[in-house]
Amino acid sequence: ASIELWADAFKNVPPKTFTFRSSLARMPMSMSAVGTPLIPVRIGGKVYNFWLDTGSSLSMLASDVARDLNISPLVPDTLEIVTSTGRVKANPALIPQLEIGQLVVRNAPAMVVEESMMEMSEPRAIELSTHVKIDGIIGFDIIRQMDIEVDYGENVLRLRDPSNSRPEGDRNLFWVGLPVI
């Protein structure tokens, strides 16, 4: 979809805000069967499994999760996004509040995608194949506001308030058209 259609869909939403309830949080991280890290995200008092995806411009929500939370599209039209698996129809929406550890994000723009498009198949033998359901994706629109450390050895994500963390020169994730670590 054109940038104008996306801009029009989000033009009347309140500004996104970020509040860190503490300067440092340590939270569990799990790995999906296909090797992607999943983190717990609280929305509407419920906990869901989300990917951290620096390649996604906006955060995403599976359609069944949006229904569960009574999150409705902002406009009736579907828009098209391009993902690593191809072109996907999406509905622009607003997540009133989500919590990632000690970070509270209010008024988070999101794309609602059909839940079947949020599954990954494990690339093992076909008879042993399993499907991994992803409830949502935390995109770069939120990730870029955090100072995060992903510890695969301990299966832990450390989240820091960037205003209280290391100097800018020490950060190891930056954006040059693509995320670079």
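In this predicted model, the side chains of Glu-99 and Gln-97 are joined by a polar contact of 3.3 Å. Glu-99 lies in strand β8 and, because its relative accessibility is 17%, under the 20% limit, it counts as buried. When residues up to four places away in sequence are left aside, Glu-99 touches Arg-21, Pro-40, Val-41, Arg-42 and Val-104.

Across the whole structure, a search finds 11 salt bridges. In one of them, the side chains of Asp-141 and Lys-16 meet at 3.4 Å, N to O; this pair links distant parts of the chain, with Asp-141 in helix α3 and Lys-16 in the loop between α1 and β1, 125 residues apart. Asp-141, at 6% relative accessibility, counts as buried, whereas Lys-16, at 26%, counts as partly exposed.

A salt bridge is also formed by Arg-160 and Asp-147, whose closest N and O atoms are 3.6 Å apart, and this pair links strand β14, which holds Arg-160, with strand β13, which holds Asp-147. Both of these residues, Arg-160 and Asp-147, are buried. Asp-151 and Arg-158, which are both buried, form a salt bridge with their closest N and O atoms 3.3 Å apart. A network of salt bridges links Arg-26, Asp-147, Glu-149, Asp-151, Glu-154, Arg-158 and Arg-160.

The second largest pocket holds about 180 Å³ of space, and its lining comprises 5 nonpolar, 4 polar and 3 charged residues. At least two lining residues come from each of α2, β8 and β9, with α2 giving the most, 3 residues. Among the residues that line this pocket are Ser-63, Arg-67, Lys-89, Asn-91 and Glu-114.

Technical notes: Residues are numbered from 1 along each chain as its sequence is written. This is a predicted model: local features need pLDDT of at least 70, side-chain atom pairs count only at pLDDT 80 or more; totals for chains, interfaces and linings use all residues. Side-chain values use heavy atoms; hydrogens and water are left out. On a 1 Å grid over the protein atoms alone, a cavity is a set of points where a 1.4 Å probe fits but cannot get out, and a pocket is an open set with protein on both sides within 12 Å along at least five of seven lines; lining residues have an atom within 4 Å of a point. Grid points are joined across faces, edges and corners, and a volume is the space filled by probe spheres set on the points. Helices (H or I, at least four residues) and strands (E, at least two) are DSSP runs, numbered from the N terminus. Ala, Val, Leu, Ile, Met, Phe, Trp, Tyr, Cys and Pro count as nonpolar, Asp, Glu, Lys and Arg as charged, and the others, Gly among them, as polar. Buried means under 20% relative accessible area, exposed over 50%, partly exposed in between (1.4 Å probe, protein chains only). A polar contact is a pair of N or O atoms within 3.5 Å; within protein, one must be able to donate a hydrogen and the other to accept it, and residues adjacent in sequence count only if both atoms are side-chain atoms. Contact means heavy atoms within 4.5 Å. A salt bridge is a side-chain nitrogen of Lys or Arg within 4 Å of a carboxyl oxygen of Asp or Glu.
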